[in-house]
Amino acid sequence: MAVRVGILGATGAVGQRLIGMLDPHPDFEIAALTASDSSAGSKYRDVAKWRVDSPIPEDVAEMTVSATDPDEVSDDVDLIFSSLPSSVGAAVEPDFCEAGYVVSSNSSNARMAEDVPLIIPEVNADHLDLLEIQRDERGWDGALVKNPNCSTITFVPTLAALEEFGLERVHVATLQAVSGAGYDGVTSMEIIDNAIPHIGSEEEKLETESKKLLGSFDGAELDYHDVEVGASCNRIPTLDGHLENVFVETAEELSPEQAADAMREYAGLELHSSPDQLIEVFEEPDRPQPRLDRTLGDGMKISVGGIRESTFGLQYNCLAHNTMRGAAGASVLNGELLLENGYL
């Protein structure tokens with residue numbers, strides 16, 4: 001039997017990506033869609049301005065949208081995927097958890113809460129057991145799991161692959177696609193023939209979320225990694241795919257060849273949406289590129305290139321599809337991890 005799932009914020013950009021991934025999923029069945037009160041009661045096709053480059057699945061198009069309220073979602077839904085704005089997520093996600101729903105959320109609220117697992121399954125799946133502490137402390141029958149920011153997801157798996165060499169300091173400069181701001185987030189007049197060297201609160205997310213993701217969990221307490229991370233975030237006029245320039249200093253000497261081998265050999269998972277190989281390493285100095293490489297592994301791979309020595313240790317470029325690997329796909333992977341580990 002497929003697990004019945006709901007999508008909060010189903011009409012938004014990430015909600016649409018979630019529908020595209022979940023409708024054909026062998027383990028999940030879309031049973032509920034929620035949106036704003038103004039959309040509630042309407043058929044999905046009538047209120048969703050569909051912008052994904054494939055048609056709305058017919059069965060989903062005919063579904064009736066509900067208000068984003070646990071009382072409006074059927075009790076036989078076991079898993080909720082949330083793509084709400086953080087302000088809305090902060091207000092309603094705890095209500096769903098208290099009502100007994102397990103929530104896999106892409107929203108930024110509560111990512112750094114001590115009892116909320118912030119998960120990239122290939123990096124820190126063991127942190128999922130924080131849910132036992134969360135349920136005890138909050139008295140929830142449900143649970144809340146977060147995936148990190150789309151730009152954090154892009155470079156942290158590459159750091160995890162280099163962890164054995166002793167991570168000490170990391171500097172990252174991001175070149176982020178406009179889709180990361182949502183459909184209405186950046187106007188054409190702002191971004192065409194331009195680059196914007198500021199994305200509100202983004203740098204802090206990279207600097208703090210990375211330390212939590214790379215931290216260690218002993219079953220009782222989560223200790224953050226002591227790596228120092230500095231970030232500079234920039235919006236550029238690409239549609240999808242966050243490209244990042246990373247500089248890493250390690251305790252042990254690390255050659256470009258060793259780094260490339262470590263990334264190629266970094267273990268993936270056998271979840272349904274996992275790519276066969278998590279990190280694709282290019283030999284070419286001008287790869288990866290957003291237009292050429294963002295859809296590798298159905299948009300779920302991390303790609304790396306330009307690995308070389310620098311004044312600051314090791315330097316390389318990495319790329320991920322920000323609305324697939326960095327958002328909808330990350331939430332779906334966490335849902336698959338929850339299922340595999342018996343939380344559903």
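**Reading the labels on a predicted model**

Guide: Ile-19 sits in helix α1, residues 13-22. Helices are DSSP runs of H or I with at least four residues, strands are runs of E with at least two, and both are numbered from the N terminus. The model is predicted: local features need pLDDT of at least 70, side-chain atom pairs count only at pLDDT 80 or more, and totals for chains, interfaces and linings use all residues. Residues are numbered from 1 along each chain as its sequence is written, and side-chain values use heavy atoms, with hydrogens and water left out.

Visitor: Why is Ile-19 called buried?

Guide: Buried means under 20% relative accessible area, exposed means over 50%, and partly exposed is in between (1.4 Å probe, protein chains only). Ile-19 has 0% relative accessibility, so Ile-19 counts as buried. The C-alpha atoms of Ile-19 and Pro-57 are 8.1 Å apart, although the two residues are 38 apart along the chain.

Visitor: How many disulfides does the search of the whole structure find?

Guide: The search finds zero disulfides. The nearest cysteine sulfur to Cys-150 is that of Cys-233, 9.4 Å away. A disulfide is a pair of cysteine sulfur atoms within 2.5 Å, so Cys-150 is in none. Cys-318 is in no disulfide either, its nearest cysteine sulfur being that of Cys-233 at 12 Å. Cys-150 is buried at 13%, and Cys-318 is buried at 0%.

Visitor: What makes Lys-43 and Glu-62 a salt bridge?

Guide: A salt bridge is a side-chain nitrogen of Lys or Arg within 4 Å of a carboxyl oxygen of Asp or Glu. The closest N and O atoms of Lys-43 and Glu-62 are 3.5 Å apart, so the pair qualifies. Lys-43 lies in the loop between β2 (28-35) and α2 (44-47), and Glu-62 in the loop between α3 (58-61) and β3 (66-67), so the pair ties together parts that are 19 residues apart in sequence. The whole structure holds 15 salt bridges.

Visitor: What is the N to O distance between Arg-287 and Asp-293?

Guide: That distance is 2.6 Å, and the two side chains meet in a salt bridge. Asp-293 has a relative accessible area of 3%, so Asp-293 is buried. Shared partners join Lys-43, Arg-45, Glu-58 and Glu-62 into one network of salt bridges.

Visitor: How do you know that the peptide bond from Arg-287 to Pro-288 is cis?

Guide: Its omega is near 5°. Pro-288 is placed in the loop between β12 (279-281) and α11 (290-293).

Visitor: What is the phi of Asp-298?

Guide: Phi of Asp-298 is near 55°, a positive value in a residue other than glycine. Most residues other than glycine have a negative phi. Asp-298 belongs to helix α12, residues 296-299, and is exposed at 68%.

Visitor: Which residues form the negative surface patch?

Guide: The patch consists of Glu-114, Asp-126, Asp-129, Glu-132, Asp-136, Glu-137, Asp-218, Glu-221 and Asp-223. Patch residues have over 30% relative accessible area and no salt bridge, like charges being joined within 9 Å. Asp and Glu count as negative. Helix α6 (residues 130-138) gives the largest share, three residues.

Visitor: Why is Glu-137 called exposed?

Guide: Glu-137 has a relative accessible area of 60%, so Glu-137 passes the cut-off for exposed. Asp-218 is also exposed, at 58%.

Conventions:
Patch = residues over 30% accessible without salt bridge, like charges linked within 9 Å, V, L, I, M, F, W, Y side chains within 5 Å. Areas by Shrake-Rupley, 256 points an atom, 1.4 Å probe, with all protein chains shown as cover. Charge placed at Lys NZ, Arg CZ, Asp CG, Glu CD.
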